[in-house]
Amino acid sequence: MSYQSSVAQDTLAAAQLEMAGNPNALALRRPFDPVAHDLEASFRLTRFADLKGRSCKVPQDVLGKLVESLQQDYSQSEQDQFMHVAVPRIGIGLDCSVAPLRHGGLCLVQTTDFFYPLVDDPYMMGKIACANVLSDLYAMGVTECDNMLMLLGVSTKMTEKERDVVIPLIMRGFKDSALEAGTSVTGGQTVINPWCTIGGVATTICQPNEYIVPDNAVMGDVLVLTKPLGTQVAVNAHQWLDQPERWNRIKLVVSEEDVRKAYHRAMDSMSRLNRIAARLMHKNNAHGSTDVTGFGLLGHAQNLASHQKNEVSFVIHNLPVIAKMAAVAKACGNMFQLLQGHAPETSGGLLICLPREQAAAYCKDIEKQEGYQAWIIGIVEKGNRTARIIDKPRVIEVPARD
């Protein structure tokens with residue numbers, strides 16, 4: 001047996017024991033070996049990504065039609081049999097399901113998500129997938145997750161060696177991110193699939209005051225974004241380093257070093273939990289939020305705007321973008337539609353409606369607690385529950401962290 005295969009088998013065995021709560025699991029871990037690590041990295045996980053990350057989503061207008069009949073099935077009378085106060089069922093068309101339980105004032109908050117690989121590092125791919133699942137809870141202001149399940153599709157295109165190295169690393173990344181979030185993975189489902197997929201289910205039981213209903217934006221609020229845009233452009237540009245025909249289209253506006261920095265900035269951003277951002281929503285009286293993922297900034301802004309109780313609209317003036325990625329997007333003939341707000345993002349930031357007088361404090365708190373910036377990107381004005389980006393938005397170049 002090769003050292004590499006042995007590492008994979010030991011890693012898988014350790015993961016299985018740790019999930020079962022076995023204290024001897026750590027003894028199975030081998031010390032970090034740079035040669036083995038390079039061999040693992042050489043498998044290039046994105047080779048199995050026919051649709052990268054959250055860009056696999058069904059188009060937003062199509063999805064709206066598909067779920068329309070489900071949305072109509074829920075009536076207030078159905079809720080009232082369980083609750084003494086009206087608790088809205090939300091989630092179909094928004095970020096997660098909130099359903100009243102028959103047990104005294106409690107709600108079930110639940111979400112599921114999965115997608116395709118978009119980075120080469122299997123461990124980071126697992127972390128990104130877990131962070132992406134949890135973001136739907138965080139978008140509701142829910143900061144505690146009681147349980148997670150893992151959903152894993154092992155690609156039929158993988159060789160046995162690739163499977164035995166890549167899949168345990170994805171599992172460990174997912175598990176470590178869950179632990180960082182204060183929760184654990186207790187089960188799930190693993191299948192053989194033409195495409196490699198990774199995702200999960202996040203579940204919380206909470207009281208109504210633990211979540212923020214995303215429908216209370218008022219005129220005068222501002223819009224805050226907690227992660228930069230451009231993840232999809234960054235991961236594509238990184239793959240194009242090995243594809244001369246595509247690289248030639250962008251090499252006049254970006255260097256190889258710029259692309260590698262942007263790629264690592266994107267991985268860092270996508271794997272970062274939105275948990276602190278969610279906690280600070282409560283402190284700063286947020287009026288609603290959504291996470292920015294596969295529909296792009298504008299798609300998710302429009303979705304959030306359409307659910308507001310008040311007659312308001314969102315106007316976006318600023319676009320924080322990973323450094324150089326706006327130029328790359330333009331050089332590609334606008335195929336990403338990044339500056340129009342349609343570029344898919346994977347495990348993006350929270351887009352939050354905040355009172356104007358508390359937005360600056362929110363951004364300051366984020367930077368103080370996490371070491372990352374958040375940006376005021378727009379305003380809430382009187383309108384007809386729509387969202388738009390102005391014709392010439394200000395692009396804020398977000399550099400890689402040191």
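A: The sulfur of Cys96 lies 9.0 Å from the closest cysteine sulfur, that of Cys206, which is too far for a bond. A disulfide is taken here as a pair of cysteine sulfur atoms within 2.5 Å. Cys96 is buried at 3% relative accessibility, and Cys130 is buried at 0%. Buried denotes under 20% relative accessible area, exposed over 50%, and partly exposed the range in between, with a 1.4 Å probe and protein chains only.

This is a predicted model, in which local features need pLDDT of at least 70 and side-chain atom pairs count only at pLDDT 80 or more, while totals for chains, interfaces and linings use all residues. Residues are numbered from 1 along each chain as its sequence is written, and side-chain values use heavy atoms, with hydrogens and water left out.

Of the 402 residues of the chain, 54% count as buried. The largest nonpolar core has 89 residues, of which Val119, Leu134, Met148, Leu297 and Phe314 touch the most other members. Such a core is a set of buried Ala, Val, Leu, Ile, Met, Phe, Trp, Tyr and Cys residues joined through side-chain atoms within 4.5 Å. Helix α5 (residues 122–138) contributes the most to this core, namely 10 residues. Helices (H or I, at least four residues) and strands (E, at least two) are DSSP runs numbered from the N terminus; the chain contains 13 helices and 11 strands. Domain 1 (32–66 + 78–211) and domain 2 (221–398) each supply at least three residues to this core, the domain bounds coming from an automatic or database domain assignment.

Beyond its neighbours within four places in sequence, Leu297 is in contact with Leu225, Leu229, Val292, Ile316, Leu319, Gly341, Ala343, Leu351 and Ile377, contact meaning heavy atoms within 4.5 Å. Across the chain, 82% of the contacts between residues at least 6 apart in sequence join residues at least 24 apart.

Two loop residues complete the account. Asn285, in the loop between α10 (275–283) and β7 (288–291), has a positive phi of about 55° although it is not a glycine, and is partly exposed at 43%. Arg385, in the loop between β10 (375–382) and β11 (387–398), has a positive phi near 60° and is partly exposed at 29% relative accessibility.
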